[in-house]
Amino acid sequence: MSDPLLSALSLPGAFHYRPHPHEDQRGSFCRLSCAAMLEEAGLNRTWVQSNLSRTAARGTLRGMHYQTPPYAEIKLLTCITGRIYDVLVDLRPTSPTYRQWTSIVLDGAQADTLYIPVGIAHGFQTLSDDVTLHYSHSQPFSPAHQAGLSYRDPQIAIEWELPVTVISDRDAALPFLSDIKEAT
């Protein structure tokens with residue numbers, strides 16, 4: 001079974017890969033994460049927490065989330081079922097892509113996976129009903145260090161695929177970039 005190839009996204013340190021499944025009469029099997037592949041690329045290969053996110057309705061928006069130091073985290077996200085419009089915003093002041101965003105459609109049928117570095121706000125909008133995502137995190141969740149950026153910040157101007165049909169009160173109230181003191 002061959003390892004998937006990492007494809008760099010437009011934000012430094014962010015990558016996409018699509019695992020290569022082995023298929024037979026039973027179905028398929030694929031490697032979602034491989035420490036050797038990540039190490040060869042100079043990426044984090046140690047995960048301290050794993051989470052599962054399920055979203056019922058198409059058009060739901062979750063984000064834009066990140067954790068502040070000393071709990072700033074790297075995320076490895078795999079779309080397991082459904083399809084999402086995934087968005088990353090660079091909040092690293094020293095990055096050449098500071099305040100820029102990129103997006104990618106992730107498909108659970110392909111087990112599309114993203115490697116999201118420290119200093120990136122992450123969010124997604126469901127393009128289908130019944131979406132399941134698997135997250136691996138390099139740092140444990142710390143409620144005191146959870147932070148976020150408004151999905152509708154005019155300085156960032158994210159172009160969402162669909163009208164937002166469902167959003168949590170917390171995510172709807174996240175601040176604009178101009179009101180954030182420290183992201184990384």
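## Cavity

The largest cavity holds about 60 Å³ of space. A cavity here is a set of points on a 1 Å grid over the protein atoms alone where a 1.4 Å probe fits but cannot get out, and its volume is the space filled by probe spheres set on the points, which are joined across faces, edges and corners. The count comes to one cavity of 30 Å³ or more.

Eleven residues line the largest cavity, and Tyr66, Gln67, Glu73, Gly119 and Ile120 lie nearest its centre. Lining residues have an atom within 4 Å of a point. The lining divides into seven nonpolar, two polar and two charged residues, with Gly counted as polar and Pro as nonpolar.

## Basis

This is a predicted model, in which local features need pLDDT of at least 70 and side-chain atom pairs pLDDT 80 or more, while totals for chains, interfaces and linings use all residues. Residues are numbered from 1 along each chain, and side-chain values use heavy atoms, without hydrogens and water.

## Ser95

Ser95 sits in the loop between E8 and strand E9 (101-107). Ser95 counts as buried because its relative accessibility is 12%, where buried means under 20% relative accessible area with a 1.4 Å probe, protein chains only. The side chains of Ser95 and Asp90 form a polar contact of 2.6 Å (N or O atoms within 3.5 Å, one able to donate a hydrogen and the other to accept it).

How values were computed
Helix = DSSP H or I, 4+ residues; strand = E, 2+ residues; numbered from the N terminus. Buried < 20%, exposed > 50% of the residue type's maximum accessible area, 1.4 Å probe, protein only. 1 Å grid on protein atoms, 1.4 Å probe; cavity = no way out; pocket = protein on both sides within 12 Å on 5 of 7 lines; lining within 4 Å.
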